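Me: Please take one part of this structure and look at it closely. Then set it in its surroundings, with the criteria spelled out as you go.

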Amino acid sequence: MIKSINPATLELIGEVEETPIEKLDQIFKDARVAQKNWAKVPLEERAKRVVKVNEVISKQFDEIALLISKEVGKPPSEAFVNEVYGVVDSTFYYYTNVVDFLGSEEEISLGFYESLDKRSLILRKPIGVICVIGPYNYPFTIPFQQIVQSLMAGNSVVFKPSSETALVGEKIQEIFNAIDLPKGLVQTVYGNGSKIGNPLIDNADKIIFTGSTATGKKIMQRGADTLTEVALELGGKAAMVVFPDANLERTVLAARWGAFTNSGQVCAAVKRLFLHEDIYDDFLENLVNLTSKLKQDIPTKSNVDVGAMINEEQLNWVDKMVQVGIKEGGKVLIGGRRNPNLKGYFYEPTIIEAQDTNMHIVQEEIFGPVLVVLKFKSKDNVIEMVNDNQYGLVSSVWTNNIEFGKKIAKELETGTVMINEVVYTFALAATPWGGVKNSGIGRTHGKFGFIEATRPLHINIDQYKEKDLWWFEYDADYEEIAENFKNIASSLVVKEPTTK
Ligand code: NAD
């Protein structure tokens, strides 16, 4: 049995049965049968059937938000805005746009070959059975969106939630059970990733994984045996770069929310704050002061800003990293300890000044409420500092000069760069989500997410009445044809390339 504990109160809130490994064969068989039939359902009809989840969710907005709150430790209102709303908004967007993204046949120009009555079409085809493996920090919105995109694109889904959030996983299954979908199209399995993970990878046609970089690499390695495709949404160490001309009143509030929302357990959370030397002292003083005003408590109480972390192990690891930071010369300006007034897994919002980018606290992802601050002198200096990191998920630049911000954005090594915003672009269903370097490969959300959930099918159509020029026999006629090919090839030599 997987026990679900409320990390804020330490109460047992439920139990879910682990899926026996022996059952996986049948689960994948059912998923394959369901997928074959589902793929024959017209795209528009699939979208109409899947969007019905929004109606089911709308009848239990508060119930779902409360469940997320109790299982993850975040305030219910935050769970609603960042997770439940996110699912409804994105599902509506996918329903409205999927036909535009996947519904048409793209005709490709074939150049010379068209003179021989040949043409090519590209269609998007579903992949088959997609296994969605989810993390604990946004247990509803992250996998839900990936499941919706996979289904609309014509796949079936085997979903494995994090064992920390098995009850939210059950809720997701319950929502899909409540709409009219073929049996076996969405199935949820429960269990420890190290036990159940390999058989999932071996049986699925594609893995859409969200979680730590270490686990993502294991999945990719295992996937190599069966050439199982992977999309990996992994860890991050988001940088926020503040120039003196930014709207500093807004910027400081963004830094506080970006660092401490969901107790900092956010892949895109602001983890490294780079402040220009001209504003460093005042900005930091203001930020520390504002951070001291955050209310940390049991998240179901009113007006709580920061709740609990997911478990003891995660909390201890965060604390260990803070201690490493102190040993390396970091200066804790606020927090830096477990909250002594609460019995759950509460770590105080923490701000540490760092001396340079070599420190462990600057280099490694600390998945908790810990913000590391560094000073910079110039644009070039800060670009180098930001890029000196293994992760590349998101970053942000704060300036009133948008052209200047865009110049910097092009030089930062992350999948998304926000100018004057933090974290929130995960909520944009229309824009691609994904990282570079150790933050992952592949993209979810928007058109790119649908491309990730499908494969191109190339259909080549030939209406030429004669035998093709290059077919046997290689006789005197063929020699002449070969000469003609030389003439055509010569016409393709570009002596003075011009930009078109
Ligand atoms: P995790 O890697 O510990 O677990 C993620 C999932 O993988 C869980 O469901 C787990 O059971 C499963 N798993 C573990 N070992 C496995 C294996 N060998 N094979 C298959 N599955 C396995 O991550 P977590 O602690 O749940 O989440 C935190 C991490 O996720 C952080 O690093 C965070 O940055 C990252 N994250 C990234 C994104 C993103 O979009 N890039 C979003 C959220 C979280």
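Reply: Buried means under 20% relative accessible area, exposed means over 50%, and partly exposed lies in between (1.4 Å probe, protein chains only). Helices (H or I, at least four residues) and strands (E, at least two) are DSSP runs, numbered from the N terminus. The model is predicted, so local features need pLDDT of at least 70 and side-chain atom pairs count only at pLDDT 80 or more, while totals for chains, interfaces and linings use all residues. Residues are numbered from 1 along each chain as its sequence is written, and side-chain values use heavy atoms, with hydrogens and water left out.

Start with helix α6, residues 141–152. Its buried residues are T141, I142, P143, F144, Q145, Q146, I147, V148, Q149, S150, L151 and M152. That is 12 of the 12, so the rest of the structure largely encloses α6. The expected span of a helix is 1.5 Å times one less than its number of residues. For the 12 residues of α6 this gives 16 Å, and the end C-alpha atoms are 16 Å apart, which agrees. After α6 comes G154, with a positive phi near 105°.

Two strands pair if DSSP finds at least two bridges between them. Here 3 strands form an open sheet, β3-β4-β20, with antiparallel pairing. β3 (106–108) and β20 (454–462) are the edge strands, each pairing on one side only. Neighbouring strands are turned by 30° against each other on average, direction ignored. Such angles run from 0 to 180 degrees between N-to-C directions, with axes fitted to C-alpha atoms, for helices over the stretch in contact.

β3 joins β4 (residues 118–126) through 3 bridges. In β4, E106 has I122 as its bridge partner, and E107 has L121. On the other pairing, 9 bridges join β4 to β20. There L123 stands opposite L457.

E107 lies in β3. At 47% relative accessibility, E107 counts as partly exposed. Contact means heavy atoms within 4.5 Å. Leaving aside neighbours within four places in sequence, E107 touches R119, S120 and L121. I459 is 352 residues away along the chain, yet the C-alpha atoms of E107 and I459 are separated by 9.7 Å.

A second open sheet has 7 strands in the order β12-β13-β14-β11-β10-β16-β17, with mixed pairing. β12 (331–334) and β17 (416–419) stand at its edges with a single partner each, so one side of each has no neighbour in the sheet. The twist averages 25° from one strand to the next. β10 (residues 238–242) and β16 (residues 394–398) run parallel over 4 bridges. M240 stands opposite S396 in β16. Helix α15 (residues 402–411) packs on this sheet, touching β16 and β17, and its direction makes about 165° with that of β17.

Last, the largest pocket. On a 1 Å grid over the protein atoms alone, a pocket is an open set of points with protein on both sides within 12 Å along at least five of seven lines, and lining residues have an atom within 4 Å of a point. The volume of the largest pocket is about 1300 Å³. Of its 42 lining residues, Y136, F209, G211, S212 and T215 are the closest to the centre. α8 (193–203), β8 (206–210), α9 (213–226) and α12 (312–327) each give two or more residues to the lining. The largest share, 6 residues, comes from α9. Volume here is the space filled by probe spheres set on the grid points, which are joined across faces, edges and corners.

Notes
1 Å grid on protein atoms, 1.4 Å probe; cavity = no way out; pocket = protein on both sides within 12 Å on 5 of 7 lines; lining within 4 Å.
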